[in-house]
Amino acid sequence: MIEENVKKILQELPPGVELMAAAKARTPEEIMRAAQAGVEIVGENYVQEALAAFNVVGHRVKWHFIGHLQRNKVKKAVEIFDMIETVDSPELSKEIDKRCSQRKRIMPVLIEINSGREKQKFGIFPEDAEDFIKEISGLKNIKIEGFMTMGPMFGDPEDARPYFVETKKLFDRIKTLNLPGLEMKYLSMGMTNSYQVAIEEGANIVRIGTKIFGPRG
Ligand SMILES: *Cc1c(COP(=O)(O)O)cnc(C)c1O
C-alpha cells in the first residue's frame, strides 16, 4: 500500500516539486518502506520520534523538522535534521544558531508563516515576516531558504487557496530583499487534502502523511 501510494504521488507531481512524507505517529518500518519506494524527504513533528526513525532509516533520506520546536530540544534536533521548517521566533533562531555554531554546521531553515493569522497556531504573521527576517538574517549558522505554511484546515481545499496565494506573494517579495544568509528557494505548503491546490499556487515541497501511510490511528 505505502509503496503504491508513494509511486502514484511521485508520478503525479510536476517537475521541481518535492514530496515529503509527513511521518508523525508512523513506525520506523513504515518510514523505511516509503523511503524504499522513492521518498527522499521525511518530515517529523517530534524530536524523540525522529531519533527512533533516524536510527533505522538513517541518511538514505533528508530529515525535515515540521513540528513546534522547543528550545530545550534544539541541541538534539541539530544532530539529525537537514532542515528546520518551523522557525517562528528570534529566541528559537538564536538557539539553533548557537547549537549549530558549536557543531560547526549551518542549518537551512524555513520561516513558518501563520497565513491564517490563527491565534492558536504558531508562525509569524505575514505582515511581520520582513522585520523578523531582517532581525535573524545576520545569524551566521542558519540559512533562511524559504517559507512553510499550514493555513487553516478546511474540508474543501479550494478554501485554502487564498492563504497559499498570500504566502507565495510574500515569498516573491522577500526574495527581492538582498539580505545576508537569505536565499528564498523553498515554499513548503499543502498536505493530503490541499497539496494539488498548493502546487498550483507555487508550492515546491508538499508534506503528505495520510495519502502515503493511510489514516492515523
Ligand atoms: C501531519 C502533518 C502533515 C500531513 O498531514 P496529512 O493530512 O496526513 O497529509 C503536514 N504538515 C504538518 C506540519 C503536519 O503536522
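**View 1. What lines the largest cavity, by residue type?** The lining of the largest cavity holds 3 nonpolar, 4 polar and 3 charged residues. Here Ala, Val, Leu, Ile, Met, Phe, Trp, Tyr, Cys and Pro count as nonpolar, Asp, Glu, Lys and Arg as charged, and the others, Gly among them, as polar. You can find these lining residues at E112, I113, N114, S115, G116, E118, K121, F122, M150 and G151. The space inside is about 40 Å³, and a search of the whole structure finds 1 cavity of 30 Å³ or more. On a 1 Å grid over the protein atoms alone, a cavity is a set of points where a 1.4 Å probe fits but cannot get out, while a pocket is an open set with protein on both sides within 12 Å along at least five of seven lines; lining residues have an atom within 4 Å of a point. Grid points are joined across faces, edges and corners, and a volume is the space filled by probe spheres set on the points.

This is a predicted model, in which local features need pLDDT of at least 70 and side-chain atom pairs count only at pLDDT 80 or more, whereas totals for chains, interfaces and linings use all residues. Residues are numbered from 1 along each chain as its sequence is written, and side-chain values use heavy atoms, leaving out hydrogens and water.

**View 2. The largest pocket.** This pocket has a volume of about 460 Å³. Of the 28 residues lining it, K24, M150, M153, M191 and R207 are the closest to its centre. The lining is made up of 12 nonpolar, 10 polar and 6 charged residues.

**View 3. The second largest pocket.** Here the space is about 150 Å³. Its lining consists of N45, Y46, V47, Q48, F65, H68, L69, Q70 and K73, which divide into 4 nonpolar, 4 polar and 1 charged.

**View 4. The largest nonpolar core.** A nonpolar core is a set of buried Ala, Val, Leu, Ile, Met, Phe, Trp, Tyr and Cys residues joined through side-chain atoms within 4.5 Å. Buried means under 20% relative accessible area, exposed over 50%, and partly exposed in between (1.4 Å probe, protein chains only). The largest core has 68 residues, and W63, L69, I96, I111, F147, V206 and I212 have the most contacts inside it. Helix α3 (residues 47-57) gives the most to this core, with 6 residues. Helices (H or I, at least four residues) and strands (E, at least two) are DSSP runs, numbered from the N terminus.

**View 5. Helix α5 and K104 just after it.** The 13 residues of α5 reach 18 Å from first C-alpha to last, close to the 18 Å expected at 1.5 Å a residue; the expected span is 1.5 Å times one less than the number of residues. Which residues of α5 are buried? They are P90, L92, S93, E95, I96, D97, R99 and C100. Their cover includes α4 (74-80), β4 (83-87), β5, α6 and β6 (142-149), where contact means heavy atoms within 4.5 Å. K104 sits in the loop between α5 (90-102) and β5 (107-113). Although K104 is not a glycine, its phi is positive, about 55 degrees. Most residues other than glycine have a negative phi. K104 is exposed, at 74% relative accessible area.
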